[in-house]
Amino acid sequence: MTNLLQRRTFLKGLGTTLSLPLLDIMQPQPGILSAATAAGKPPVRTAFIFFPNGVIGPSWFPTSTGSGYEMPQSLKPLADLKSDINVISGLAQINARALGDGPGDHARCASVYLTSVHPTKTSGADIKAGISVDQVAAQQVGHKTRLPSLELGLTRGRNAGQCDSGYSCAYSSNVSWRSPSTPTSKEIVPKLAFERLFGGGAEREKERARHLKDRQSILDLVKHDADQLKKQLGKNDKRKIDEYFTSVREIEQRIERSTQHEKIKPPEMRLPDGIPTELQEHARLMYDILLLAFQTDSTRIATFMVGNAGSNRTYPMVGVNSGHHALSHHRNDDKKIADIQKIDEYLISQFGYFLKRLKATPEGNSNLLDNSMICYGSAIGDGNRHTHHDLPIILAGKGGGTIKTGFHHQVKTETPLANLYLSMLDRMGTDVTAFGDSTGRLSIIDS
């Protein structure tokens, strides 16, 4: 019988290391080990995706609960994924409320989203929030992968100065916090995020840079190792490797096209180097990089900020030329409400792109989405009233078979969002008995 390949196998080349997806050759044959103890059992991956400014509730939340609910307008891009997701209504982030601190709901929204801790109101260096759920997991189980966690975003942020009614910009620009006083900076440049996954130490980076000057792909650099590996593989594994290499090559080419396109722009535009001008291309590149991070087991924990808190981005691709934040204060104006609904649906469509790619990626006897927990949401429910209850939360993926999907759950009013996070931490393999303002675990998701 062919010897098993180690799960943490890498292809190496001049100055670079390329992780591999889960292959059949890495897994024991049926009957050798039980499903619960099989060395090749896929790990559970977790991503927390944040979007700003709340939603238009009537277009977001289903009107009935259970599995027979009808998909509302804003969630229709997920219609084909209904059996893979749970829509959860009624969760709250109580610590995002003023609690005596006055205005600043957007800054609190971002800083509380994954920490469930009320931030100290300051625009100085004495920032204080809480350790976010992703970093709690990274501190306990992040050692199992090359990167303990990965933080991505679409918009630059600042960690100094004031961004919202006396709150530091650090609160608006970050959802991941390594410690109460240390936000975990996100990467927004696709090329740099890609290189973080597949780069190495300083010396190896210098070596790799010399070869990249000659336009060599990462796949070219590891070609010798790849050729040797293919000699060991069966037909199915060779197909998986070819599909994976195609995905890596495609991302490299898209990043190169984006970079070349920026070089010929009129100088007065002064766009940040390496960031695609089209939002959809930028978002999908980052989602694709996140997929590769999970597929290669480079990390199992990630965050992605679709926008900073209070983002005033426009969305001309769906006919919305006014700023998102300005529109969120719609005061029941029908035109503004319609525009925000278009934004909600557009952002969901990009999220749906990511979920479909996860589902289309085979892993073991299932797929990458089945082996993941992807939480998509915000800590503002109604942007017009700055509410922090009845939050728009979607939990996608089956968490390795531990989550029953396909439902709209309505939980008891004021149920802490931290209860969901505590349940997710269990599935990430952490030893945590409480998180933030949790009052227990969210058992409704149990399979």
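## Close-up views of a predicted model

**View 1. Phe51, Trp60, Phe61, Phe351 and Tyr376 together make up one aromatic cluster.** The model is a predicted one, in which local features require pLDDT of at least 70 and side-chain atom pairs are counted only at pLDDT 80 or more, whereas totals for chains, interfaces and linings use all residues. Residues are numbered from 1 along each chain as its sequence is written, and side-chain values rest on heavy atoms, with hydrogens and water left out. Rings of Phe, Tyr and Trp (for Trp, its six-membered ring) are taken as a pair if their centres lie within 6.5 Å, and the pair is called stacked when the planes are under 30 degrees apart, edge-to-face when they are over 60 degrees apart, and tilted for the rest. By this rule there are 13 aromatic pairs. One of them joins Trp60 and Tyr376, which are stacked with 6.4 Å from centre to centre and 10° between the planes. Because Trp60 lies in helix H1 (residues 57-60) and Tyr376 in strand E13 (residues 372-377), this pair ties together parts that are 316 residues apart in sequence. Helices (H or I, at least four residues) and strands (E, at least two) are DSSP runs numbered from the N terminus.

View 2. Phe351 belongs to helix H12 (residues 334-359) and Tyr376 to strand E13, so the pair links parts 25 residues apart in sequence. Phe351 is buried at a relative accessible area of 0%, and Trp60, at 1% relative accessibility, is buried as well.

**View 3. The largest nonpolar core holds 64 residues, and those with the most contacts inside it are Phe351, Leu355, Ile374 and Tyr376.** Helix H10 (residues 279-295) gives the most to this core, with 11 residues. Apart from it lies another core, of 39 residues, which includes Val44, Ile88, Ile380 and Met424. A nonpolar core is a set of buried Ala, Val, Leu, Ile, Met, Phe, Trp, Tyr and Cys residues joined through side-chain atoms within 4.5 Å. Contact means heavy atoms within 4.5 Å, and, leaving aside neighbours within four places in sequence, Ile374 is in contact with Ala47, Ile49, Phe294, Phe351, Phe354, Leu355, Leu358, Ile394, Leu395 and Ala396.

**View 4. Leu368 lies in the loop between strand E12 (366-367) and E13.** Leu368 is buried, at 1% relative accessibility. When residues up to four places away in sequence are not counted, Leu368 touches Arg45, Leu291, Phe294, Gln295, Leu358, Thr361 and Glu363.

**View 5. Cys163 and Cys169 form a disulfide, with 1.9 Å between their sulfur atoms.** The structure holds one disulfide, a term used for a pair of cysteine sulfur atoms within 2.5 Å. The link of Cys163 and Cys169 is right-handed, with 90° about the S-S bond. Cys163 is partly exposed at a relative accessible area of 40%, whereas Cys169 is buried at 0%.

View 6. The buried residues of H2 are Asp105, His106, Ala107, Arg108, Cys109, Ala110, Ser111, Val112 and Tyr113. Cys109 has a relative accessible area of 1%.

**View 7. The charged end of Lys82 sits over the ring of Tyr69, 4.4 Å from the ring centre.** A charge is said to sit over a ring if NZ of Lys or CZ of Arg is within 6 Å of the ring centre and within 35 degrees of the ring normal.

**View 8. The whole protein, shown for orientation, contains 13 helices and 15 strands.** Buried residues make up 56% of its 447 residues. Among contacts in the protein with a separation of 6 or more, 70% are accounted for by residues 24 or more positions apart. The accessible surface comes to about 18400 Å², of which 50% belongs to carbon and sulfur atoms; accessible areas come from the Shrake-Rupley method with a 1.4 Å probe, and for residues only the protein chains shown count as cover.

Note on methods
Buried means under 20% relative accessible area, exposed over 50%, partly exposed in between (1.4 Å probe, protein chains only).
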